[in-house]
Amino acid sequence: MATPPSRPWAELQHDLLVAIMSRVGAPDLLSGGAPRACSSWRAAARDPLAWRRVDLRDWAALTSCRREEGPGPSSRRLPVHAALAGILEVAATLSDGRIETVLLPEFADEEHLLFLAERCPNLHYFSLPSTCMTYDQFCKAIGGLHSLKGMAVDESLINYDALHHVHQCCPDFVELKVSALYVDEEMASVICNSLPHLKKLEIPSSDTSSAAIIKFLDYLEELEYLDISGYEISAISSAVLEKASRLKVFLWNSKFELGEFMDCSNCGEHNVNPQDPCKCMMEHKVMDWLAGPS
């Protein structure tokens, strides 16, 4: 049987190449899709539609990419703060104002968020791990992001005034992710009272009290997705499970601690005895054994 003729990658339709580029990540986009890529791939990497989602969290890969590319922001010549500003400028220019999502690295600060508010007014979602954002600057940035639908922020921004400002400025805001060590009923009340129309709430790897969880379930009437997975101490009770049954997605499995499995939302077991583990735990230990020593 004759081998069917092969077709070069360069002949893929531009729209298909753009769809591929939108998934490769910012480092590859900045280098034109891939090192030494053909002209059609580079053209797709420069298409504004490929820049709707910009993930800048892998800073090491980004700075390496910029050094290989040549002229432009480079960590060898500029402090990381200025280098990130330069990359955001490139992304804003190439996207032609169509950026919808930006995931910032850990050292990003209020100036970078203010830049996004100025250059990316149609932004739908951003993540900002910074713990030193001032209230005034945050509110100034939010005031320019009327299309914002969601954000991921540190617990330092979880106060009534800041979140109420989000509620007033962003009528379509429905998604919140919080990085916090502990979530009590008071913090839950702040979120519920200031953002009553939340549909998706993520507070992973946080010690969340049972009272806080019940507060979310009782007061966020439009909530569809709740992620409180990764906690160390179980706060899941039968009352919580009953109230959460209305949600489309409820993630609450606790993390593995010292080889012991505490809770499992996948198979429904609670307070699992490590000496008599559930099926999920058995599969986890088997995979660890197959992986060998770390």
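Predicted model: local features only at pLDDT ≥ 70, side-chain atom pairs only at ≥ 80, totals over all residues.

Q: Why are H9 and H10 called roughly parallel to each other?
A: Helix H9 (residues 185-194) and helix H10 (residues 210-219) pack at an angle of about 20°, with their axes 8 Å apart. Axes are lines fitted to C-alpha atoms, for helices over the stretch in contact, and angles run from 0 to 180 degrees between N-to-C directions. Angles under 35 degrees count as roughly parallel, over 145 as roughly antiparallel, 65 to 115 as roughly perpendicular and the rest as oblique. H9 and H10 are therefore roughly parallel.

Q: Which residues of H9 and H10 meet?
A: Contact means heavy atoms within 4.5 Å. Glu185, Ala188, Ser189, Ile191 and Cys192 of H9 meet Ala211, Ala212, Lys215, Phe216 and Tyr219 of H10. By class, this contact has 7 nonpolar, 1 polar and 2 charged residues; Ala, Val, Leu, Ile, Met, Phe, Trp, Tyr, Cys and Pro count as nonpolar, Asp, Glu, Lys and Arg as charged, and the others, Gly among them, as polar.

Q: What makes H5 roughly parallel to H6?
A: Helix H5 (residues 80-95) packs against helix H6 (residues 110-119) at an angle of about 15°, with the axes 11 Å apart. That angle makes H5 roughly parallel to H6. The residues of their contact divide into 6 nonpolar, 3 polar and 3 charged.

Q: Why are H7 and H8 described as roughly parallel?
A: The angle between helix H7 (residues 135-142) and helix H8 (residues 160-169) is about 10°, and their axes lie 10 Å apart. H7 and H8 are therefore roughly parallel to each other. Tyr135, Phe138, Cys139 and Ile142 in H7 meet Asp161, Ala162, His165, Val166 and Cys169 in H8.

Q: What lines the largest pocket?
A: The lining comprises 18 residues, of which Arg57, Ser127, Pro129, Ala152 and Lys177 lie nearest the centre of the pocket. Strands E2 (101-103), E3 (125-128), E4 (150-154) and E5 (175-179) are the elements that give two or more residues to this lining. By class, the lining has 9 nonpolar, 4 polar and 5 charged residues.

Q: Where is Asp55 found, and which residues does Asp55 touch?
A: Asp55 is found in strand E1 (residues 53-55). Not counting residues up to four places away in sequence, Asp55 touches Ala26 and Leu103. The C-alpha atoms of Asp55 and Phe126, 71 residues apart along the chain, are separated by 9.7 Å.

Notes:
Residues numbered from 1 in each chain as written. Heavy atoms only, no water. Helix = DSSP H or I, 4+ residues; strand = E, 2+ residues; numbered from the N terminus. 1 Å grid on protein atoms, 1.4 Å probe; cavity = no way out; pocket = protein on both sides within 12 Å on 5 of 7 lines; lining within 4 Å.
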